[in-house]
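Hello,

Here is the structure for your files. My notes follow below it.

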Amino acid sequence: MDVTCYLVSPIGCCSGVKRAIGMAEQVLKMYKEAYIIEDVVHNNVVMQKMFDAGLKKVSNIDEIPDGSVVLFSVHGVAPSIVEMCEQKGLTIVDATCSVVQTIQESIKKSAAQKQKIVIMGNRYHPEVIGFLGCARDTDAFVVNSEEEVGMLPDFQDCGVTYYTQTTLRIDKATPVISALKNRYPNIARENETDLCCGTYNRQIAIIEIAKNMDLVIVLGSRSSANTTYLAELAEEYGAKNVLFVDQISEIEASVFNNVSNIAVATGASTPEYIVDETLDFLKSIIENVNIQEIAQNRICNED
Ligand code: SF4
């Protein structure tokens with residue numbers, strides 16, 4: 001049976017994750033040992049390689065020996081973490097994505113102007129924790145639903161603005177933003193969201209293709225918000241079967257029986273070698289597999 005395998009573009013890591021992985025590799029080559037408090041990127045396979053190469057994870061800065069190297073994750077950290085590391089005399093290597101850095105700077109400016117700040121996202125995600133830390137000079141709140149918007153204070157007679165986690169689901173963010181705008185008609189914002197291109201392009205691509213697929217394989221880790229949303233979207237937008245795995249070795253070959261088309265998608269933190277392994281596996285078990293990269297209309301440019 002002929003099988004077509006569509007590679008859902010963009011495939012592999014986004015530019016921010018590529019840069020962070022490169023920085024971690026360089027640090028470990030140079031210093032042999034470095035410390036993190038959060039995974040550099042949300043991908044289990046990538047992180048295991050880093051741990052094997054000498055990276056050590058601790059739960060707080062106090063556990064890092066004086067004079068060591070500390071590596072900040074692609075999701076960024078709060079200013080208070082930077083200050084603690086500086087006070088301890090640690091060598092800081094900052095792998096924060098430039099998109100996250102830009103949002104952090106904007107939050108600091110809003111906070112300095114004493115605007116109230118609403119951050120939309122998962123309050124336990126390191127990026128949101130970093131954003132909250134940047135808003136320490138004002139009152140800041142995290143919301144993740146229309147109901148939570150309803151529970152915010154009135155903010156009478158003062159400016160209010162909002163920011164969003166970069167990796168939210170587009171369709172889930174829109175009603176929360178509408179609720180915020182209804183609640184605070186003067187809420188200040190230039191762009192509708194802070195979703196990054198790495199998130200946006202991948203979500204649009206999976207929404208377009210899912211309904212035509214017998215099987216969608218989403219490669220990445222459950223710790224990755226943007227990858228988890230791709231798997232959710234593939235299911236909700238009509239794929240007959242969705243498998244969400246770190247790597248292809250987790251999938252039984254029998255899954256491919258009676259399948260005529262497959263889509264392979266990656267989160268923004270899944271490197272291309274995991275895609276290559278997947279394609280090699282598919283070629284080894286399916287006699288006639290035709291691999292096609294789909295040239296999706298990108299909503300915005302990631303680079
Ligand atoms: S997903 Fe977006 S914010 Fe996160 S590293 Fe990639 S480009 Fe940066």
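**Ligand shell, domains and cores**

Helix H1 (15-31), helix H4 (98-112) and H8 each put at least two residues into the shell around the ligand. Helices here are DSSP runs of H or I, at least four residues, numbered from the N terminus. The model is predicted: local features need pLDDT of at least 70, side-chain atom pairs count only at pLDDT 80 or more, and totals for chains, interfaces and linings use all residues. Residue numbers start from 1 along each chain as its sequence is written.

The ligand is surrounded by 14 residues. The closest are Cys 14, Gly 16, Cys 97, Cys 196 and Gly 198. A residue counts as near if its C-beta atom, placed from the backbone, lies within 6 Å of the molecule. Domain 1 (2-13 + 197-294) and domain 2 (15-98) each give at least three residues to this shell. Domain 3 spans 105-183. The bounds come from an automatic or database domain assignment.

The C-alpha centres of domain 1 and domain 3 lie 33 Å apart. Their contact takes six residues from domain 1 and six residues from domain 3. Contact means C-beta atoms, placed from the backbone, within 7 Å.

Now the cores. The largest nonpolar core has 54 residues. Ala 24, Val 40, Leu 71 and Val 118 touch the most other members. H1 gives the most to this core: six residues. A core joins buried Ala, Val, Leu, Ile, Met, Phe, Trp, Tyr and Cys residues through C-beta atoms within 7 Å. Buried means 20 or more other C-beta atoms within 10 Å of a residue's own, with C-beta atoms placed from the backbone.

Best wishes

Notes:
Contact = placed C-beta atoms within 7 Å. Buried ≥ 20, exposed ≤ 12 C-beta atoms within 10 Å, placed from the backbone.
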